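Please walk through the two chains shown here, with questions that can each be settled from the model itself.

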Amino acid sequence: MTVTAYLILASVLFTIGATTVLVRRNAIVMFMGVELMLNAANLAFLAFSRMYGTLDGQLAAFFVMVVAAAEVVVGLAIIVSLFRTRRTVSVDDESLMRH
Amino acid sequence: MNGIDLTLLAAAEAPTGVSLMWLVVAIPLASAAILLLAGRAADAWGHILGVAASAAAFVVAAWAFFAMLGRAPAERSFNLGLFDWITGGDFNLQAGLRIDQLSISFVLLVTFVGTLIHIYSVAYMSHDPDRRRFFAYLNLFVAAMLLLVLGNSYLVLFVGWEGVGLASYLLIGFWNQRLDYAVAAKKAFVANRVGDVGMLIAMMVMFAHFHTLTFDGVFEQVQADTASTAVLTAIGLALLLAACGKSAQFPLQSWLGDAMAGPTPVSALIHAATMVTAGVYLVVRSGPIYIHTEGARLAVLIVGAITLLYGAIVGCAKDDMKKALAASTMSQIGYMMLAAGLGPVGAAFAIMHLLTHGFFKAGLFLGAGSVMHAMKDQVDMRRFGGLGTVMKLTWVTMMAGWLAILGIPPFSGFWSKDKIIEEAFVGTGWQPWVFGLVAMLGAGITAFYMSRLFFMVFHGQARWTDDQHPHEAPPLMTVPMAILAIGSVDLGGILCLIGFAKWLEPVTQAAGEAAEAEPVLAVPVITVATLVLVLAGAALAWVKFGAKTAQVPVLPPPANVLVKAAREDLFQDTANDVFLVRPGQAVVKGLTAVDGKVVDGAVRGIGCLVQTVGGGLSRWQTGFVRSYAASMLAGVILLAAIVLAVWL
């Protein structure tokens with residue numbers, strides 16, 4: 001299998017993730033979209049790493065995973081507290097960032 | 001460093017009385033501070049402290065004076081270093097006092113006459129709820145004046161100079177609940193400010209050329225000819241401007257008449273001891289500069305001559321007793337300026353006239369206060385008349401002052417004024433004739449208006465209003481008047497006998513001058529001519545205002561153009577208004593418009609622009625998370641597109 005197939009898969013995954021973030025209102029689903037985008041990037045890293053036979057890309061993928069894990073912790077905490085105060089996780093209910 | 005050591009040495013050498021001279025300034029200053037800080041708590045004893053402070057200053061000054069008398073004339077000058085004031089690089093300015101024949105003469109006059117005025121004020125201001133504050137200001141005034149005459153450099157002098165300006169402002173506007181009084185105080189302050197600019201310019205030029213501001217340093221370098229005549233002339237003219245502001249000389253004299261808004265003891269203090277004499281002091285003290293610059297000296301002479309006639313003419317037309325006296329002060333200070341401009345010999349007579357004038361003018365003002373006290377604060381002389389029979393003591397004391405200012409021998413004014421007139425006739429070319437005749441004519445006019453004042457107040461028919469019941473003032477007021485009257489009678493003769501001019505010689509440096517030059521007219525001729533003019537003026541005033549047959553209308557009668565002009569101070573206020581105030585206001589209005597439209601407009605415009613742009617941009621900040629995400633994505637795609645476009 002050539003690297004092209006992996007890249008196509010990665011870009012499809014990325015597009016699905018981005019569309020999810022833009023289209024869905026539920027914060028948790030948006031979050032999942034973000035994770036999908038990150039993993040699409042990871043897939044691209046790994047594919048290139050294989051292609052060049054170096055470990056740099058895999059290293060980067062590990063970093064992305066760690067950062068994504070940390071980000072999930074913070075992001076979920078925000079979503080939980082948001083839900084506690086507003087009893088909803090819809091991001092469009094009110095323009096939160098304006099206030 | 002050497003300079004400091006020398007001054008310390010001089011201070012160590014000074015006798016005890018002299019080395020305590022700093023107390024002369026410190027005591028009234030401390031008293032003023034206490035009276036102002038203590039507030040109402042000091043109401044009960046404030047006036048006593050005020051009088052005591054002034055009297056204590058006089059005692060210290062007298063002590064120093066007698067200590068000085070015990071030394072040879074050349075060793076009577078002391079430089080009392082107090083503290084290092086400004087130290088920067090190789091520049092070191094020490095705040096110190098200079099005690100010599102000139103300053104001690106002033107200090108004695110200021111403290112003695114000042115103390116009498118303080119005592120008088122105790123009774124005069126007894127009904128005023130703010131008497132304590134009044135005494136605080138009086139003490140401040142005296143302290144500032146003493147610092148002015150005692151400072152050993154132009155900078156220390158300037159501190160006193162400003163202090164005098166401040167104190168006069170506070171005192172002229174003491175009854176500032178009346179708007180016109182407050183305006184008068186402001187006017188005095190502003191006119192003085194113009195003079196202060198001259199003082200500052202003079203000091204800057206001096207510093208630029210001599211790199212020092214002490215009297216010793218400046219005069220040393222002036223004598224060593226380190227500066228060109230142009231520089232000295234500039235300094236001389238700037239100093240003259242300063243003196244004009246403080247001494248109410250032409251063209252800055254307009255504040256003096258309005259300054260009568262202050263309580264009468266203040267007028268006495270301003271006119272006799274403090275304030276207006278400061279300009280004469282400045283010119284005399286700066287004598288070494290004026291010797292070297294003919295132009296500036298001539299300017300002093302001209303200013304003096306103009307003012308002495310100006311004041312005399314205005315004095316003839318004033319019906320307000322205090323304003324007539326103010327005009328006479330202006331005129332007499334004009335005499336002193338004239339004398340100071342005549343050179344070292346004249347300067348000594350200027351100071352002598354200043355001392356005698358201090359006594360008789362203070363006496364006249366205190367007498368005027370006594371008359372006002374008796375007549376319910378009436379100042380219109382047309383409503384007086386015949387007071388001589390009811391107020392015998394005031395009549396006698398004011399008569400002494402009146403005869404003294406007329407220059408009738410042997411009263412004190414004769415000895416000093418006659419000398420000035422004689423000295424004005426000394427010289428070559430047109431100058432002695434012009435200045436001599438002006439001085440002589442001034443004496444005649446002075447005789448007329450002072451006699452007019454005296455006769456209108458004390459003689460002729462009584463023209464009182466129905467509710468006025470004149471009575472003599474209490475002893476606290478009459479005793480200072482009597483002491484000043486005694487001074488008016490004999491001070492001039494005494495000063496002449498003990499050789500006051502000789503005593504001042506080390507300061508005025510008259511000894512270096514050629515032996516006293518002869519006037520262009522013989523001395524007896526001058527004296528007799530002056531006396532004839534004086535008697536003629538007095539006789540005219542008697543016929544018009546004093547004699548039983550004289551009719552003085554209660555309201556000022558319609559008069560010709562000249563009298564009307566004199567009543568209006570020869571249109572000085574109008575001229576100021578047209579040439580200074582209105583152009584000034586126009587400039588201010590213009591600047592306000594520029595400030596409002598251009599400067600503020602630019603600032604507001606920028607603010608407005610930022611607000612509009614910000615408002616426009618803030619529409620993008622919808623607060624919807626997904627729209628932010630969309631714009632981020634769009635941005636990334638755009639960037640990627642650009643990068644690709646550049647690469648391919």
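Predicted model: local features only at pLDDT ≥ 70, side-chain atom pairs only at ≥ 80, totals over all residues.

## Charges, folds and local geometry

Chain A carries 7 positive and 6 negative side chains, and the centres of these two sets are 6 Å apart. Residues are numbered from 1 along each chain as its sequence is written, chains are lettered from A and ligands numbered from 1 in the order in which they are written, and side-chain values use heavy atoms, with hydrogens and water left out.

Q: How far apart are the mean positions of the positive and negative charges of chain B?
A: Chain B holds 37 positive and 38 negative charges.

Q: Which elements make up chain A, from the N terminus on?
A: Helices (H or I, at least four residues) and strands (E, at least two) are DSSP runs, numbered from the N terminus. Chain A has three helices and zero strands. The order of its elements is therefore written, by these DSSP runs, from the N terminus on as α-α-α.

Q: What share of the residues of chain B counts as buried?
A: Buried means under 20% relative accessible area, exposed means over 50%, and partly exposed lies in between (1.4 Å probe, protein chains only). In chain A, buried residues make up 28% of the 99 residues. In chain B, which has 648 residues, the buried share is 55%.

Q: What percentage of the contacts in chain B between residues at least 6 apart in sequence join residues at least 24 apart?
A: A contact means heavy atoms within 4.5 Å. Among the contacts of chain A between residues at least 6 apart in sequence, 52% join residues at least 24 apart. For chain B, the corresponding percentage is 81%.

Q: How far apart are the C-alpha centres of the two domains of chain B?
A: The domain bounds come from an automatic or database domain assignment, which divides chain B into domain 1 (317-567) and domain 2 (574-647). The C-alpha atoms of chain B fill a box of roughly 115 × 70 × 55 Å along the principal axes. The C-alpha centres of domain 1 and domain 2 of chain B are separated by 69 Å.

Q: Is B:Ser331 buried or exposed?
A: B:Ser331 sits in helix α16 (residues 321-341) of chain B. Beyond its neighbours within four places in sequence, B:Ser331 is in contact with B:Thr307, B:Leu308, B:Gly311, B:Ala312, B:Thr446 and B:Tyr449. Because its relative accessible area is 0%, B:Ser331 is buried.

Q: Which residue does a cis peptide bond join to B:Phe250?
A: The bond has an omega of about 5°.

Q: Where in chain B is B:Pro410?
A: The peptide bond from B:Pro409 to B:Pro410 is cis, with omega near 5°. B:Pro410 is placed in the loop between α18 (392-406) and α19 (412-424).

Q: Is B:Met275 buried or exposed?
A: B:Met275 has a positive phi near 65° although it is a residue other than glycine. The loop between α12 (264-273) and α13 (276-285) of chain B contains B:Met275. Because its relative accessibility is 0%, B:Met275 counts as buried.

Q: What is the relative accessible area of B:His211?
A: B:His211 is not a glycine, yet its phi is positive at about 60°. B:His211 belongs to the loop between α8 (179-210) and α9 (215-223) of chain B. B:His211 is partly exposed, and its relative accessible area is 43%.

Methods
Lys, Arg positive; Asp, Glu negative; His and termini not counted. Charge placed at Lys NZ, Arg CZ, Asp CG, Glu CD.
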